Amino acid sequence: MEYLFQLAPIRTNAPQQHSSSISESAPRVRIEQHRIKRPHTKSRYGCFNCKARRVKCQETQPHPCANCVGRNMSCVYPSQGALRRQYTGQLGGHYRRQLPSSSYDSSSSGTTTPPSSTESAIALSSQYRVPSHTFTADDLRSFHHFLIAAYPYLPFGSENLWKTSLPASAHECPHLMHAILCLGATHLSLITPDGSRYTTLAVTHRGQALRMLGNALAKGEDECSKAELDFMLATVYALTFQANYMVDGFVDFAIMVRGCGLITQRILNKHHGSDRFKLLTDDAITRDVAPQIPSTRCCSYTDPDSLHTSIATLHHIEPLLSSNIHRTAYAALLDTYTALHHSARHAFLAFTCFYDGWGRVGTREFMDFLHPRNHVSRLLFLHYVVASIMLRPVFETLRNPRRLVFPKDDLPLLQRGVCIYDCLPASLQGLVDWQFRFIAAEKAVLESSDGSSGIV
């Protein structure tokens, strides 16, 4: 998943009609030769998390596998009956759908006409439509919950789309459908007493969404219609919000934010705009979004003493900055704290600069920025969590009023901040002790609440 947006330009050089056959045929020969010596190297009975991440599972059931232990995730294995249904479904349905109808059932129709390049949206619907019979009762509840409570509010001004036309069109776009179900299930796992029942469902849909999105991104720019690019952008936004509800979603969230920027730029380069979204360019944010924010000071979390301490502790990090991406994030945080003294609007504009350059840097530099041992990045992200808390009233202003409000929506972000602090070396924790206490106090308040929704 970390290389989701790196692989796209690499695959575009291969001819579209033969890329899958070429890429699959050679490895298949090597796998068959390998199986003669070691017939059980493939992880067929791995846990749901490893299957979603497409990594080899240690299959240590009934005990958690090493991958889940290392990522502090709940390890759940599929039942034998579910595995039999999965492989039966693959052999009986999935691979048949990849073939033209005349190749396996000559009596079902007379002739088969392949879609032209100008019918990409229609081809997307006919080739990859999500089979409705695969949906479970929990899937339907996740879809309903998405519509009433869990839909994204980004890009700003698109909330009605998330409740109407985008879900209605998701049956034509499987990666969007899986992303919607993933987001709904993840939010249910956060707010409901029996939320753990939705965790595996969310992981499964996330894996499907990422796999199908990767295939869509691998298409050349000339082969993607405007509608397809809009669907891709919608999927990445949904996965961004879903990652924000994951305690261990720090890296996933950052990668999806970067993906939103990359796909937005791809749409602008080819089509100069979207038919569905008001794209979040810097000019659009300044022109359309910022005027909705009061120019007065945001008072809820920004008393002068807190801001003074935030700026002073941030200055302690400055000598440790070692890359341009560090310096950009540092400058954005410093400008945010400074602007909060006077104007919530200017603080918001400064805060958005924290993400500046994520889509312009190379994949290697960006992944180095997110690496667990990049402690400077972790220090900056702790300040990012604090600034997010201080700007919470601003984000509430920009969101359309919702009937259902869940106080614990912000809990994963705070838990993430605590985890980042705990993983820092003791020699660096002293630089962000105040930030840790600030985050821990907010976390304690949310955890003490009953988690029920409010009506607004």
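Which residues in helix α8 (residues 137-150) are buried? They are Asp139, Ser142, His145, Phe146, Ala149 and Ala150. Buried here means under 20% relative accessible area, exposed means over 50%, and partly exposed is in between, with a 1.4 Å probe and protein chains only.

Before I go on, some ground rules. This is a predicted model, where local features need pLDDT of at least 70 and side-chain atom pairs count only at pLDDT 80 or more, while totals for chains, interfaces and linings use all residues. Residues are numbered from 1 along each chain as its sequence is written, and side-chain values use heavy atoms, with hydrogens and water left out.

Okay, the overall picture. The chain has 24 helices and 2 strands. Those are DSSP runs, numbered from the N terminus: helices are H or I with at least four residues, strands are E with at least two. Of the 456 residues, 46% count as buried. As for contacts, which means heavy atoms within 4.5 Å, take the ones with a separation of 6 or more: residues 24 or more positions apart account for 75% of them.

Back to α8, then. Its buried residues pack against α9 (159-163), α10 (165-169), α11 (174-191), α12 (199-217) and β1 (404-405). In the loop between α8 and α9 you'll find Pro155, and a cis peptide bond joins Leu154 to Pro155, with omega at about -10°.

Now towards the start of the chain. The UniProt entry, an unreviewed one, annotates residues 46-77 as "domain: Zn(2)-C6 fungal-type". UniProt positions are given in the numbering used here, feature names are shortened, and such annotations may be inferred rather than shown by experiment. In the model, that stretch is 38% helix and 0% strand, and its end C-alpha atoms are 6 Å apart.

Gln61 is partly exposed, with a relative accessible area of 38%. Leaving aside neighbours within four places in sequence, Gln61 is in contact with Tyr45 and Tyr77. Gln61 and Cys75 are 14 residues apart along the chain, and their C-alpha atoms are separated by 8.9 Å.

Let's move to helix pairs. How do α16 and α17 pack? Helix α16 (residues 304-315) and helix α17 (residues 324-340) meet at an angle of about 160°, with axes 9 Å apart. The axes are lines fitted to C-alpha atoms, for helices over the stretch in contact, and angles run from 0 to 180 degrees between N-to-C directions. α16 and α17 are therefore roughly antiparallel. The cut-offs are under 35 degrees for roughly parallel, over 145 for roughly antiparallel, 65 to 115 for roughly perpendicular, and oblique for the rest.

α16 passes α17 in a left-handed crossing; left-handed means the near helix is turned anticlockwise from the far one by less than a right angle, and right-handed means clockwise. On the α16 side, the contact is made by Leu307, Ser310, Ile311, Leu314 and His315, and on the α17 side by Tyr330, Leu333, Leu334, Tyr337, Thr338 and Leu340. By class, that's 8 nonpolar, 3 polar and no charged residues. Ala, Val, Leu, Ile, Met, Phe, Trp, Tyr, Cys and Pro count as nonpolar, Asp, Glu, Lys and Arg as charged, and the others, Gly among them, as polar.

The next pair is α20 (residues 375-390) with α22 (residues 411-423), at an angle of about 150° and with axes 10 Å apart. That makes α20 roughly antiparallel to α22. α20 also passes α22 in a left-handed crossing. Arg378, Phe381, Leu382, Val385, Ser388 and Ile389 of α20 touch Leu413, Leu414, Gly417, Ile420 and Tyr421 of α22. The class count for α20 with α22 is 8 nonpolar, 2 polar and 1 charged.

Phe381 also turns up among the contacts of Phe369, which sits in helix α19 (residues 363-370). Buried or exposed? Phe369 is buried, with a relative accessible area of 1%. Not counting residues up to four places away in sequence, Phe369 touches Ile325, His326, Trp358, Asn374, Ser377 and Phe381.

Last stop, His272. Its place is in the loop between α14 (250-271) and α15 (282-289). His272 has a positive phi of about 65° although it is not a glycine, and it is exposed, with a relative accessible area of 68%.
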